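Here is a short briefing on one protein chain. Keep the sequence and the 3D view open while reading.

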Amino acid sequence: PRDARRLFTKMPRPSVHSYNAMLAVYARLALAAPASEVFASMPHRELVSYNAVMLALGHGGKAQGAVELYSELRNMYPSLGYSHHTFLALLVAGAQLMDRELARQFHGHLVVLGFLSDVKIASSLLDVYRKCHCVDDARKLFDEMHIKDVHMWTTVVCSCAEDGQLATARQLFDQMPERNAFSWNALIEGYVCHGQPMDALNMFQHLMKEGLQPDQITLGCCLSACAAMRSLKLGQQIHGMLLRCGIDRSAMIISSIIDMYSKCSFLSGAIEVFSLTGRERKNAVLWNVMLSALCHHGHEQDAIGLFVQMIHERQKPDANTFFLVLTACCHCGLVEEGMNFFDLMSERYRIVPGQEHYFCMVDLVSHASSNDKVIEWIKSSPFSFNVRVWEVLVRNCTIHGNIELLNKVEEQLARLDHPE
């Protein structure tokens, strides 16, 4: 786009077609800011101009701006009219905003203006309803459509499955004249997410019998189902299938394998999978799932060691990584190490601690004997005026028999109750 923009800026008087061509490039690349800049500089605009900039805004994270432009077009320039591209761009924005009332307003406009008979537009509106969790609206629209493409069928199955209406989702799935990987995955994932792992695996068996190739999402859901059922044998079979089929093992799939082995009490299998994974595939999610597995099996010291290894390998931890390692320190009673890790989180990695980090630290410092340091540390935290923090510390001090610290904490609680 730089070369195109350079050429465009050299034009002494760009035509409206040149402006529209630049907007089309920015729309295709989802570049909202430069699209808005070009659009604002246009001396004359056409419907094509509005359509292109709305699409750029919708795809480029400025969905509200796309809706505002549609309002401008509708109220100030009605003579420009509309095309199906107008509403396809508008519905892209609607899917991003996930505003139920706005979706219903769009629906009304489409009915009045006669665009709802367009299958692509109806399918896009159905997707907006799904993103807004308007299952009843989605189903009503679907039932009213005389022509339904495979995307519409898949979207309504997804909508029902995500909402937990699994019997309805299965009924619609069985009625589908044509199925694709998305429709199979929607139902399988719905069963997993709503606590029916056996049904998910039964659907997976049907998929295999029909000679279809599962993808990463399918296998990831099935691994989650095996983890929920604590079925090591089935999990190993799916792992073997992944290896035989040569499916590219993304960080998501590897994380699912490690989590499955951990929940099936096969920690050595989880460790082996993690160890054999190349460094380039190990993102924060993958490190976190391995840390979680070690903590789950009571190997907190190993979890802390793994975290140190992560830092040495210059892998960037996230907020969840620090929560896991602080939890491990808490279980081991490693107060100084925990406080050092906490400082590392904010000072080196610029991660703002959340309430869960502070409560974990409160639990940790209740083991401490360095009372003044502990009190000063809590006073300096953003939760120093949170009575619940001090109450949790009182409870933990009582549990651990830390009477000296308990007395100081109760003094601080009294000051909070009577600040004067």
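A residue counts as buried under 20% relative accessible area, as exposed over 50%, and as partly exposed in between. H133 has 52% relative accessibility, so H133 counts as exposed. The model is predicted. The protein has 25 helices and zero strands.

**Overall shape and surface**

- The radius of gyration of the protein is 28 Å, whereas a compact globule of 420 residues would have one near 22 Å.
- The C-alpha trace spans about 80 × 60 × 45 Å along the principal axes of the protein.
- Of the 420 residues, 49% are buried.
- Take the contacts between residues at least 6 apart in sequence: 60% of them join residues at least 24 apart.

**Charge**

- There are 38 positive and 44 negative side chains in the protein.
- The centres of these two sets lie 8 Å apart.

**Nonpolar core**

- In soluble globular proteins, nonpolar side chains tend to be buried together.
- The largest nonpolar core here holds 141 residues.
- Within this core, I258 and M290 touch the most other members.
- Helix α18, residues 284-296, gives the most to this core, with eight residues.
- Which residues does I258 touch, not counting residues up to four places away in sequence? They are A270, V273, F274, L286, V289 and M290.

**A63 in helix α5**

- A63 lies in helix α5, which covers residues 63-76.
- Is A63 buried or exposed? A63 counts as buried because its relative accessibility is 8%, and the cut-off for buried is under 20%.
- Leaving out residues up to four places away in sequence, A63 touches L57, G58, A93, Q96 and L97.
- A63 and F87 are 24 residues apart along the chain, and their C-alpha atoms are separated by 13 Å.

**Positive phi in two loops**

- H133 is a residue other than glycine, yet its phi is positive, near 60°.
- H133 sits in the loop between α8 (119-131) and α9 (135-144).
- S265 is not a glycine either, and S265 has a positive phi of about 60°.
- Where is S265 found? S265 is in the loop between α16 (251-263) and α17 (267-276).
- S265 has a relative accessible area of 61%, so S265 is exposed.

Terms used
Residues are numbered from 1 along each chain as its sequence is written. This is a predicted model: local features need pLDDT of at least 70, side-chain atom pairs count only at pLDDT 80 or more; totals for chains, interfaces and linings use all residues. Side-chain values use heavy atoms; hydrogens and water are left out. Helices (H or I, at least four residues) and strands (E, at least two) are DSSP runs, numbered from the N terminus. The radius of gyration is taken over C-alpha atoms; the globule rule is 2.2 Å times the number of residues to the power 0.38. Buried means under 20% relative accessible area, exposed over 50%, partly exposed in between (1.4 Å probe, protein chains only). Contact means heavy atoms within 4.5 Å. Lys and Arg count as positive and Asp and Glu as negative; His and the chain ends are not counted. The place of a charge is taken as NZ of Lys, CZ of Arg, CG of Asp or CD of Glu. A nonpolar core is a set of buried Ala, Val, Leu, Ile, Met, Phe, Trp, Tyr and Cys residues joined through side-chain atoms within 4.5 Å.
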